[in-house]
Amino acid sequence: MKRIIAPSILAADFNHLGRDIEMINNSEAGYIHFDVMDGVFVPNISFGLPVIEHVNKIARKPLDVHLMIVNPDALIPSFVNAGASIVTVHYEACAHLHRTVQYIKKLGAKASVCLNPHTPVSVLENIITEVDMVLLMSVNPGFGGQSFIENTYKKVAQLRELIDRNKLECLIEVDGGVNYETGKNLFDNGADVLVAGSFVFSSVNPAETIRNLKNL
Ligand code: DX5
Ligand code: ZN
């Protein structure tokens, strides 16, 4: 397993976004996580292409773009052109997921599929060999700062078993309610990447919090 921390800029200070991106650049974070929300797939609107285009100008870590949007196919090229290295689409938003995954990879980005808390890992049986990462939501998507859903540990273990059984390199990323306690349990159950927003940006020393999460 890898131990990658992906700070979510959803919780950053948008009045000082450049400062927060430089903090991430100089930290032990592996990715910069962008929670893109359209107000339709999830009951909130966050930010879109302009933010990613501008951050890409100063970012020194891969941009990990989480699309909580309907009809992601229409905007995948724009997000890749804006600088996305990893594009995550929701299983629940894709009628033709295999085609969408192939499309992301054809455009040169890593393809990742996200499962909402209610969606079982078993739905990935026939696509797991095609994806570079699976993102498991440990909160209901739409807002930062929510409480961690405990059933996620079981889903991480199930996904780890599916990946290892197929001898794949696919990463397991978890998003929502990550702190020192949930983060350690997630790594112990086989997660590779932890998305952390409020726990990192509400801390006194975000860079130190990132380092501590990585070393759990
Ligand atoms: C939910 C968002 C959050 C965010 C991280 O749609 O995806 O999970 O990334 O939130 P916290 O503040 O729980 O780390
Ligand atoms: Zn996310």
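Modeller: Before we look at single residues, a convention is needed: two strands count as paired if DSSP finds at least two bridges between them, where strands (E, at least two residues) and helices (H or I, at least four residues) are DSSP runs numbered from the N terminus. With that in hand, Val-113 stands opposite Val-134 in β6. This is a predicted model, in which local features need pLDDT of at least 70 and side-chain atom pairs count only at pLDDT 80 or more, while totals for chains, interfaces and linings use all residues. Residues are numbered from 1 along each chain as its sequence is written, chains are lettered from A and ligands numbered from 1 in the order in which they are written, and side-chain values use heavy atoms, with hydrogens and water left out.

Biologist: In what order do the 8 strands of the open sheet lie, and is the pairing parallel or antiparallel?

Modeller: Strands of a sheet pair through backbone hydrogen bonds, either parallel or antiparallel. Here the order is β1-β8-β7-β6-β5-β4-β3-β2, and the pairing is parallel. The edge strands, each pairing on one side only, are β1 (4–7) and β2 (32–37). Within the sheet, β5 (residues 110–115) and β6 (residues 133–137) pair in the parallel sense over 4 bridges.

Biologist: Which strands does helix α6 touch?

Modeller: Contact means heavy atoms within 4.5 Å, and by that criterion α6 (residues 180–189) packs on the sheet, touching β1, β7 (171–175) and β8 (193–196). Axes are lines fitted to C-alpha atoms, for helices over the stretch in contact, and angles run from 0 to 180 degrees between N-to-C directions; the direction of α6 makes about 160° with that of β8.

Biologist: How are Phe-34 and Phe-47 arranged as an aromatic pair?

Modeller: A pair of aromatic rings is described by the distance of the centres and the angle of the planes. Rings of Phe, Tyr and Trp (its six-membered ring) pair if their centres lie within 6.5 Å, with planes under 30 degrees apart counted as stacked, over 60 as edge-to-face and the rest as tilted. Phe-34 and Phe-47 are edge-to-face, at 6.4 Å centre to centre and 80° between the planes. Phe-34 lies in strand β2 and Phe-47 in the loop between β2 and α2 (49–58), so the pair ties together parts that are 13 residues apart in sequence.
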